[in-house]
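Subject: Structure handover and summary of findings

Dear colleague,

Please find the structure below, followed by an account of what was found in it. I would be grateful if you would read the two side by side.

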Amino acid sequence: MMNFNIEKKDFYQGLNITHRACASSNTMPILKGILIEAKKDKGLHLMGTDLEIGIENWVPANVKKEGKIVLPANQLRNIIRELPNEEIDFDVDLERYRANINCLNSQFTINGYNPEEYPQLPDVNIPTELEIPSAKLKKIISEVEFSTSSDQTQPVLTGALMVLEDNQIKMVSTNKYRLAYSKIENKNDIDEKLEIIIPGATIKEISSLLEEEGTVKMKVNENYASFDFNDIIVVSRLIEGKFPNFEQVIPDEKNTTITVNKEYLQSAVKRASLIAKLDSNIVSLKSKDNSLIIESEDSDSGSAHEEVPITLEGENHKISIDASYLLDVLKVLEEEKVKLDLIGSLNPLVLKKEESDDYIYLIMPIRPGNEENEGE
């Protein structure tokens, strides 16, 4: 018999973290479950995995009798969510793999699985190790995660490239029609430059779990990466393959720079996209002295015209782009003003921060006569 008492809010919080890694659909039903292990000196150890990503964390609990079991993640989480905010008494029949949950006047019994059949998270052996402030890692991930591809025929593009160098970390993501590049300064005690491709699902989970305070201990080898922070460990399989040479794509020239208030631009593009998304989601950006004109048109519904004040350096230009690609980045950046670098209507639009060189975002143009949305 396994037995422990635990506060409902602690248990539910732990389940909310761990269930993210459980399989939603898999031929192995046990992967839809969470491994629960009770340790007298540590509390409750929770773990979930779909064999691509694994998440484990520790939750405080009063453990009376040690043991472990695997229980269906969604069923358990739904039950715990609806229980009163009181202490839960948890009993497990280790021979029949059956858990009894008692909280005030509520009683539930759940059938589980043999914990010995649950896969263990891989050990990141012979690793490269480094530490990153949580706020820095959260920042660099948030600035690129939205730009990954969903095209499973090109697996390397469904993740983000992380480049680890001695004094900085870079992250890049692209779906061929846009590219996001971010970098942070960080003292990494590594012998040589290391490049890994982290799955998009993994970086999204890490970003959602990270807090601003604290430090992330990261381990990397050829096949796996692990991230250890706030009593949570995320282990992920890395994507094999060669990431595109992003440096060749980023233009090293420009003939126009537009400086614009981010909020003004975001609001104007959002309004123009109300018409644009009825067709192919294309908006045109046209500079005219001290204004940026944003227009969209749908043959059946009508048109939109917006003007935003700008500071212009260089020539006037017009370019057509996917509105959602511009809105995605404007939602993420916190800067008051952004810069748009332009070369011509057939060249990429490059967006940067006004006060920093740590970020580049590139959007490929929609070429005249090609009104099909090239994105995903």
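In what follows, contact means heavy atoms within 4.5 Å. Helices (H or I, at least four residues) and strands (E, at least two) are DSSP runs, numbered from the N terminus. The model is predicted: local features need pLDDT of at least 70, side-chain atom pairs count only at pLDDT 80 or more, and totals for chains, interfaces and linings use all residues. Residues are numbered from 1 along each chain as its sequence is written, and side-chain values use heavy atoms, with hydrogens and water left out.

Overall architecture

The protein chain contains 7 helices and 25 strands. Its C-alpha trace spans about 75 × 55 × 35 Å along the principal axes. Of the 376 residues, 52% are buried, where buried means under 20% relative accessible area, exposed over 50%, and partly exposed in between (1.4 Å probe, protein chains only). Among contacts with a separation of 6 or more, 67% join residues 24 or more positions apart.

Helix 7 (residues 323-332) is largely enclosed by the rest of the structure, because 7 of its 10 residues are buried. These are Ala323, Tyr325, Leu326, Leu327, Asp328, Val329 and Leu330. The elements that cover them include strand 13 (178-185), helix 6 (262-276), strand 19 (282-288), strand 22 (318-322), strand 24 and strand 25.

Helix 1 (residues 8-18) is mostly covered, with 8 of its 11 residues buried; among them are Phe11, Tyr12, Leu15 and Ile17. Histidine 19 is placed in the loop between helix 1 and strand 2 (33-39). A polar atom of the histidine 19 side chain lies 3.0 Å from the backbone oxygen of asparagine 16. Beyond its neighbours within four places in sequence, histidine 19 is in contact with Ile34, Ala73, Asn74 and Arg77.

Nonpolar cores

A nonpolar core is a set of buried Ala, Val, Leu, Ile, Met, Phe, Trp, Tyr and Cys residues joined through side-chain atoms within 4.5 Å. The largest has 66 residues, of which Leu137 and Ile294 touch the most other members. Apart from this core lies another, of 28 residues, including Ile34, Ala38, Val59 and Ile79.

Pockets

A pocket is an open set of points on a 1 Å grid over the protein atoms alone, where a 1.4 Å probe fits, with protein on both sides within 12 Å along at least five of seven lines; lining residues have an atom within 4 Å of a point. The volume is the space filled by probe spheres set on the points.

The largest pocket has a volume of about 470 Å³. It is lined by 25 residues, and the closest to its centre are Leu161, Leu194, Glu195, Ile196 and Ile197. Strand 14 gives the most to this lining, with 4 residues. The lining divides into 11 nonpolar, 5 polar and 9 charged residues; here Ala, Val, Leu, Ile, Met, Phe, Trp, Tyr, Cys and Pro count as nonpolar, Asp, Glu, Lys and Arg as charged, and the others, Gly among them, as polar.

The second largest pocket has a volume of about 390 Å³. Of its 21 lining residues, the closest to the centre are Glu56, Lys219, Ser226, Asp228 and Ile233. By class, this lining has 9 nonpolar, 3 polar and 9 charged residues.

Yours sincerely

Terms used:
Polar contact = N/O pair within 3.5 Å; in protein donor to acceptor, adjacent residues only side chain to side chain.
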